[in-house]
Amino acid sequence: MALLEVKDLGISFGGLQAVDNFNLSIEKGELYGLIGPNGAGKTTVFNLLTGVYKPTAGKVFLDGTDITGHRTEEINKDGIARTFQNIRLFQQLSVIDNVESALHSFEKYSTFEAMFHCGRYAGAEKKLREKALEILKVFDLDMMSEILSSNLPYGQQRKLEIARAMATEPKLLLLDEPAAGMNPNETAELMDTISLIRDKFDITILLIEHDMKLVSGICEKVTVLNFGKVLAEGETKKVLADPEVIRAYLGDDE
Amino acid sequence: MMSFLTSFVNGLSLGSIYAIIALGYTMVYGIAKMLNFAHGDFIMVGCYIIFIFSSNLGLNPVAAILIAIVLCTLLGITTERVAYRPLRNAASPLAVLITAIGVSYFLENLALLIFGADTKSFTSVVPWAGISLFGGSLQIQGITIVTILVSLLILIFLQLFVHKTREGQAMLAVSQDRGAAMLMGIDVNKTITLTFAIGSALAAVAGALLASAYPSLTPYTGAMPGIKAFVAAVLGGIGSIPGAMIGGLVLGIIEILSRTYISSQLADAIVFGILVVVLIVRPTGILGKNIQEKV
Amino acid sequence: MLKKKMLSRNSKGRFTTYGIVIAAWIIMEIFMRAGLMSSHLEGLLVPMTYYAIVAVALNLCVGILGELSLGHAGFMCVGAFSSALFSLVTDGVMPDGVRFLIALVIGVIVSAIVGFLIGIPVLRLNGDYLAIVTLAFGEIIKNIINAMYLGVDSKGVHISFESQMALNMEPEGKTLINGAMGVTGTPHDANFTIAVILLLLALVVVQNFIDSRDGRAVMSIRDNRIAAESIGIPVTKYKMLAFTISAAIAGMAGVIFSHNIATLQSTSQYFGYNVSIMILVYVVLGGIGSIRGSVIAAVILYLLPELLRGLNKYRMLIYSVVLIAVMIINWAPKAIEKRTAFFDSIRKGMKRNGTA
Amino acid sequence: MKKKLLSIALTAVMAASLLAGCGGSGASGSSSSGDTFKIGVIGPLTGGAAAYGTAVQYSAQIAVDEINAAGGINGKQVELKAEDDELDAQKSVNAYNSLKDWGMDMLVGCVTSACSIAVSEETKNDNMFQLTPSGSALDCVKYDNVFRVCFSDPAQGAASAQYIGQNGIASKVGVIYDSSDVYSSGIYQTFAQEAANQGFEIVSAEAFTADSKTDFSVQIQKAKDAGAELVFLPIYYTEASLILQQANTMGYKPIFFGCDGLDGILGVENFDTSLAEGAMLLTPFAADATDELTQSFVKSFEAKYEITPNQFGADAYDAIYAIKAAAEKENVTPSMSVTEIGDAMKKGMTEISIDGLTSTGMTWDASGEPTKEPKAVVIKDGAYVSAQ
C-alpha cells in the first residue's frame, strides 16, 4: 500500500480553482518530485497536505489513515513534516533550540516542573539536548548549535529547517523548493544531504523543485502540475522528456 | 418612541464626532502603520487654539478654526518629523507606539503648564440653535446637524481624495506595500507627511466640533474621546475610511442607547464589550480587509 | 561539553538577575535599619516592586509570547480586589500571615481564571486588533468593578450595580465593595520584604518557564506561528498558557497593591489603560524579551518622576521628553548606526593608541 | 551594552535617592528645625483634578503669608510645601513620605477623600496632626489625629435633602451624579436615604463615570422625561457647567441644586453665567460674599494667581488659621516632636472656635468633624446671594 494516497484533492479560493482533481500516490521510501511552472499550485498542494488550507474536495490518506481536514499540528503528529519555500526558522532562537522545539512532544514534563525546574525537568531536558545534538550532527550543524538561527548562512538555514522537520520523526517529509536561492555548490551539498537522510532515516520525501538538475538527479518519480491540474506523472526521465511537459515549461518561461 | 428618537439623534451627534476623530486615526494607521496615541491630544491643542483666538481675542470662530487647522497641521507634521520618522524602520513597532505615548504626555503637560488645570468653557462655533420637530417633542441642536454634515463632507472629501488624486493613490500604494511603493518612485516620506497633515487638520476640526457640542476644555479633553475614536476606528476596520465613519456612528449610538436603556454606569463596559464581540465575529472589524498570511 | 556550557550560561543569566534583586534588597534593608533612608524612598519601595512584577508579567506576554497587551492593569485590578475582599472578610478570623498567604493564592488564581477566560477570544486575534481588545477588556473589568456594590449580611452575599441602597442589606450587614468608593480598610499585610520575595518568585517562574520545553514552544509560536504548527506545537494551548501565567503574575502584583494601601478603588488612575501603557513603557525601555531589563526599567522609571518631585509642575513634562529622547536614541536605526560608528571609532582610536 | 548602561543608571538613581534622603534622615521622630513651623500640603497639582489641588496650595500659601507677615504662630514663622499626588492614593503616601523627609510638623491634606484616607493610615502611625481641607468621605477622620474643615459627604447629602424638603422647593427631584467618584456617590447615597424622610420623590437618578463625562444628554433627558422640577448635582463644577449648558440647549430649565463642589461654576473661564441663574448650592463659601474676610481673601488670591478661588481654597485657608489657633492655644512650638505636636493639636482643635471663610464660629469635637452652618446660596445676576 502506498504511504501517501491523495484522491481527487481540490480547493478553490473565491471561485478560483487553485487545485483541481489532484491525485498522487507515493510508495514508502520513494523520493518523489512535484514540479510545474510558477503558479501551478504546487505550494497550495503542500498547504493542503499539511492542513494549512482545508480542501474543498478530495481525501488524503497517510499510511491508510484518512487525515483529511486534520489541523496542521495533528498532521505533523500523523507523520508529515515540511519545510517552507521562504525559510521559516524561529529566528530569535538558537540553532539547537529550533530543533528542540520540534522535539517538543518526545520528552514531556508538566508546566509546574517547567516553572520550577524540578521533577522530570532536568532529566528530560538532558535527553532533549542530546537528541537535538544528534540530529544536528547529521546535518553538520552541531558546531553551530548556540548561534542564533537567523545568523546562519543561507544554505545552513535551509539545512536547519530540514533538520527541524526531521526532528519530529515524520514518515513523509515535504520539501518546498529546498534549493531555491542556492549556488551550485550548495545545491550539490543539499542533494547529498537529501539522499543521506532518506537512507539514514528510511523516510519518504516529496519535494517541490525548479532546479531540474536536482530533480532528475535524485527523484525517482515526478508529478507535473499545471494550472492546478496534473499534467503528467511517472518516472522522472520519461516525464521530463514528454513534449507536453516541455511545452508547459517553455510556454511559461519564455 | 420620541425618547428613543431623541437618544438616537444624540447618539448620532456623539457618533459623528467620534467618526471625524476616527477618520484621522484610521488614515494615519492605514498609511503610516502606527497607532498615534497622541491623536486625541492634537484635538485638545486644536480646542485651545480656537479658544484663544475666538474667546480670548474675539476673532470670528471660522477664522479661529482655520488658524487651528493650520497650526494643528504644523504640529502634526513637526511631530511626525521629529518624533516618529526616526523610528519608522525601528526593529520593533512598539518603539514608535511608546514615543507616541511620550508625545501624548508631553502635550497634556505642556497644556497644563500654559493654561492651568482650570476648566475653560468653550463658546460654540455654531450659534444656530437648531430645529424642533413634532411640535417640539424632538429637538435637534444646530451643532448636531452641523457635526453630522461636516463628518459626511469629510468622508466624501477623503474618499474622493484617496481615489481620485495622485497623492491619494500614492497613499493607497504606501498603505498596501511601502517597499513596492518606494520602488514605483513614490516619495514615501512625503506621502506619510501628507497623511499626518490631513489627520491633524481633521483633529482640529474634530476639536472645534467636540468642544462646541460639549463645551468644557481641560488639558485632558482629548484623551478619552481619542481612545473611544480609536475603538471606533478598530470597530469599523482600521485603515478603512468608510469603516471609521460607520464605526464612529455605531459606537456613539450604542453608547447613548446603552446609557439610556441599560445602565449609565456600565455604558463603558458595554461599548467595549461590543468591540470585543464584533472583533470575535469579524477579526478585522466591520469593513476591514481580511489579510491572510501567505504560506 | 556543549550542553554543559549552554546550561551554565542560561542559569548564570538567571542568577545574575536574582543576585541583583537580592543585593538591592539587602542594601535597602541595611539603609532602612540604619535609619539612613528617607521616608520618601522607603514608601516607594513596595510600589516600585509590584510594578516591577507586573512588568515581568507583561514582558512574558509581549516579549516571549509576542502579543501586545494593553490590559494588564485589569488583571492587577482583579488580583487586588479578589484578595482584598478575602482579607476584609477574614480580618481577625485568622493569623495575619495565614490570611495574607490565602489572599495571595486567591488573588493569583482568580486573575489566572480571568486571564484564561479573556484569552479564549483575545488570542484568536492578531497584532493591533489583539492589543485593542485587551485594552477593551481592561476597561471592562475596571468599569464593572467600579460600578459594583457588594455586601454581606446574615442572609448571604448581595450584589448590585445600581447603588448601595439597592443591596437591601440588614442594618448590621457589611458593605465590602461600595461602588466607586471601592474597598477601604484592607489590612496592611504587604511590606518590602514580602514584595521582593514575590518578585523573586515571579522571576523564577518566568525565567524558568522561558528556559523550558513550554517556553521554547511559546517562543517558537512568537517567531513563526505557521512553522510552529508544522512541527506539531499546539499553538492555542501554549498561547493560552503563557497569557494565563502572565495574568496570574499581574494579579499577584495586584495583591501586593491592595495590601499596601488602605483604599482600593477601581478607577482610571490605578487600573485604567494608562496604567497598562505605563507598564508597557517599562517593558519596552527595559528591552522587549529581557526580563531583567523589565525589572530595572520599572524601578528607574517609577523612581524618576518621584525623584523629580522638587521640580513639581515640570516633572511630567521632563519625563515625557526623556521618554521620547530615550526611545529615539535607543531604537532609531540612524541613531543606532551613529552610536555603533562612534563606539567603533573609539575602539579604533584605543587600538591605535595601544599600538603606537 | 545597553543593559550595562541601565544598571549603571539604576545604581546612580539609587545612590542619588539615598543621598537625597540623608538630608531628611532621622526626621521621622522629631522636627529637623526648631525655628519654623513646617506645614505640608498634599493634593492633585497635575492631572484632571489639578484645579482643586492648586486652589488648596495657593490659598494655604496666602494664609501662611498673612500669618508670617503678622508675626507667625507663637512667634515662629511658617513654611509651606505642597506635594503632588496626581489623585493617586499611592502617590499621596509617597508625597507624605517626601514631606516627612522635608521635616513636616503638620499636614494640611489631602485634598481628595481616597488620598486622605490612605495617608491617614500613615499619619496615625506617626501621630502626625492631619487636617484635611476637603476630604469629605466618612472614613477620612476615622483616626483621632485627623480633623477636617469641610462637611462630611453624609452631612452634605442629608443637609441638602433636608433643605429641599423643609423649604418645599420641589416635590420631584432628579439626580445626576458621578458614580466613579467617591465624593459624588457618597453624597448621593445619603441624599437618597434622607429624601425618603423629607417628603419629596427622586424620580430619576442617573450616573456618569469619569470615562464618559462629556455627553450628558441621556441623564438630562431622563430627568426631563421624569418631570423633575429640581435636579440635584452632587458633582464638581466642571461637569456641572457642561450639564447646565446641555440642559439649556435641550430646552430644559429646572432648578439646579448642588453642594460645595458646585462652587466655582461662576469662575469657569468663558462660562455663560446666565445659565446658572437661579441655581442653588449648599456651600460654606462663596467668592462673591460681601463680608470683609472673604473680600480680602479673594482680592489677594486674584491678585496673586489671576483666578478666582473656590471653596477648596477657602477650606485650606481656614485650615491654616485653625492650625494657628489650635497651636497658639496649646503653645505648640516647632521644636516639639511630631507626635508631641500631634497630641497638643488634637487637644487644641477641640478648644478653639474660629471665624473663617467657610463659616463663623467653627468648632471641632474629638471625632474630627467640624460644626458649622451650611449656607444655601442662590445664583442671581451672575453672583452668589444668600438664599435665606
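Which domains does the domain assignment of chain C give? There are two: domain 1 covers 41-295, and domain 2 covers 308-356. Those bounds come from an automatic or database domain assignment. Between the C-alpha centres of domain 1 and domain 2 of chain C the distance is 34 Å.

What you see is a predicted model, where local features need pLDDT of at least 70 and side-chain atom pairs count only at pLDDT 80 or more, while totals for chains, interfaces and linings use all residues. Residues are numbered from 1 along each chain as its sequence is written, and chains are lettered from A and ligands numbered from 1 in the order in which they are written.

Let's start with confidence. pLDDT is the predictor's confidence in each residue, on a scale from 0 to 100. Chain C averages 88, with 95% of the residues scoring at least 70. By elements I mean DSSP runs numbered from the N terminus: helices are H or I with at least four residues, strands are E with at least two. Please look at residues 1-9 of chain C, where pLDDT stays under 50 and the model has 4 contacts beyond four places in sequence. Where pLDDT is low, the predicted coordinates should not be read in detail. A contact here means that the C-beta atoms of two residues, placed from the backbone, lie within 7 Å.

Chain B averages a pLDDT of 87, and 97% of its residues score at least 70.

While we are in chain B, have a look at helix α8, residues 188-213. This helix of chain B has 26 residues and reaches 37 Å from its first C-alpha to its last, close to the 38 Å expected at 1.5 Å a residue. That expected span is 1.5 Å times one less than the number of residues. Is α8(B) mostly covered or mostly open? Mostly covered: 21 of its 26 residues are buried. For burial, we count other C-beta atoms within 10 Å of a residue's own, with C-beta atoms placed from the backbone: 20 or more is buried, 12 or fewer is exposed, and in between is partly exposed.

Now to chain D. Its secondary structure comes to 11 helices and 15 strands. Along the principal axes, the C-alpha atoms of chain D fill a box of roughly 65 × 60 × 40 Å. The radius of gyration of chain D is 22 Å, which agrees with a compact globule because one of 388 residues would have a value near 21 Å. That radius is taken over C-alpha atoms, and the globule rule is 2.2 Å times the number of residues to the power 0.38. Of the 388 residues of chain D, 61% count as buried. Among contacts in chain D between residues at least 6 apart in sequence, 68% join residues at least 24 apart.

The domain assignment of chain D gives domain 1 (30-151 + 294-371) and domain 2 (154-283). Their C-alpha centres lie 29 Å apart, and 11 residues of domain 1 of chain D are in contact with 11 residues of domain 2 of chain D. On the domain 1 side we find 6 nonpolar, 5 polar and no charged residues. In this scheme Ala, Val, Leu, Ile, Met, Phe, Trp, Tyr, Cys and Pro are nonpolar, Asp, Glu, Lys and Arg are charged, and the others, Gly among them, are polar.

Which chains share the most contacts, of the 5 pairs of chains in contact? Chains C and D do. Here 49 residues of chain D are in contact with 43 residues of chain C. On the chain D side, the largest share, 13 residues, comes from α1(D). That side of chain D divides into 18 nonpolar, 19 polar and 12 charged residues.

Chain D also meets chain B, with 31 residues of chain B in contact with 31 residues of chain D. The largest share of the chain B side, 5 residues, comes from α1(B). By class, that side of chain B has 11 nonpolar, 16 polar and 4 charged residues. Chain A and chain D, however, do not touch, and their nearest C-alpha atoms are 18 Å apart.
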